[in-house]
Amino acid sequence: MDRIPILRIGELLLVSIQVDMHDRLALSLQDDLTDRIVSTRARGVLIDISALDVVDSFIGRMLANIRHGEDPRRRNRGRRNAAFRGHHAGGTRLDSARDSDCPQHRLRH
Amino acid sequence: MTVEKSNELSIASQDDVVLVRQAVRTAAVEIGLSLIDQTKVVTAASELARNAVVHGGGGVAIVSIVKEGNKRGVQLICEDTGRGIVDIGLAMTDGYTSGGGLGLGLGGAKRLSSEFHIESRPGEGTRVSITRWKG
């Protein structure tokens, strides 16, 4: 898969990452999302990372960049609301791990 | 420490980083690591494999199941023949990055592992070895 779909729901954008992303795919998502936010004037973005195997420092930086609107190639496009829903490992393992090891993270800004 | 089983993967591209993560996950599941420990060692593997590709120009990853006494663990060795690290202390410092990450890669990988060893010679390459023991 070369692209991760970005769905528009009213004034929001929904991104559900269902593949184990390599770095280039993560960067292209960051670019695509930045473009879509501008073109749709979205007021918020929901990114579902529950299917990601891990969030390492690279993916962490990508998510932080999206949240802060700080794509280094496209500065000054303003801040936006972003919420991440997810946990630390594969989707099928969520239920058993949710309470002890992997609390859901929800960041609002 | 004895090696029960070993799998060598070449790491030349970002896609190979994903394959290393998957191989480490498989080994971690096989020895029955808890989900949180699986995630820790897979995250550390992702950092090290990426370093080998981005900074080391590629190399090899050796994913093993190891045993010492009664305990079993997952070991990952990442070796590259890149330019090496001049100042390992600086490279291990949180927030220091010469690439595109958060600068938590090497230090993070160390914290996520039970054992961590790094050797590097400028101009010759870098070898990082991590082990996560069960229990």
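Does His55(B) count as buried, exposed or partly exposed, and at what relative accessibility?

Good morning, colleagues. What we have before us is a predicted model. Its overall scores are an ipTM of 0.75 and a pTM of 0.78.

Let me begin with the confidence in each chain. Chain B has a mean pLDDT of 92, with 96% of its residues at 70 or more. For chain A the average pLDDT is 72, and 62% of the residues score at least 70. Within chain A, the element with the highest mean pLDDT is strand β1, residues 6-9, at 96, while helix α3, residues 94-97, has the lowest, at 27. Two stretches of chain A call for caution. Over residues 74-78 of chain A the pLDDT stays under 50, and the model has nine contacts there beyond four places in sequence. Over residues 88-109 of chain A the pLDDT likewise stays under 50, with 47 such contacts in the model.

I turn now to the architecture of chain A. This chain contains three helices and four strands, arranged along the sequence as β-β-α-β-α-β-α. Of its 109 residues, 48% are buried. If we take the contacts in chain A between residues at least 6 apart in sequence, 62% of them join residues at least 24 apart.

How do two of these helices sit against each other? The axes of α1(A), residues 23-40, and α2(A), residues 57-68, come within 10 Å and cross at roughly 0°. The two helices are therefore roughly parallel to each other. On the α1(A) side, the residues in contact are Asp23(A), Ala26(A), Leu27(A), Leu29(A), Gln30(A) and Leu33(A); on the α2(A) side they are Phe58(A), Ile59(A), Met62(A), Asn65(A) and Ile66(A). By class, this contact comprises eight nonpolar, two polar and one charged residues.

α2(B) is mostly covered, with 16 of its 20 residues buried.

This brings us back to the opening question. His55(B) lies in the loop between α2 and β2 (59-68) of chain B. Because its relative accessibility is 27%, His55(B) counts as partly exposed. The C-alpha atom of His55(B) is separated by 13 Å from that of Ile88(B), a residue 33 places away along the chain.

Thank you for your attention.

Key
Residues numbered from 1 in each chain as written. Chains lettered and ligands numbered in written order. Predicted model: local features only at pLDDT ≥ 70, side-chain atom pairs only at ≥ 80, totals over all residues. Heavy atoms only, no water. Buried < 20%, exposed > 50% of the residue type's maximum accessible area, 1.4 Å probe, protein only. Axes fitted to C-alpha atoms, helices over the stretch in contact; angles between N-to-C directions. Parallel < 35°, antiparallel > 145°, perpendicular 65-115°, else oblique. Contact = heavy atoms within 4.5 Å. Nonpolar A, V, L, I, M, F, W, Y, C, P; charged D, E, K, R; others polar. pLDDT = per-residue confidence, 0-100.
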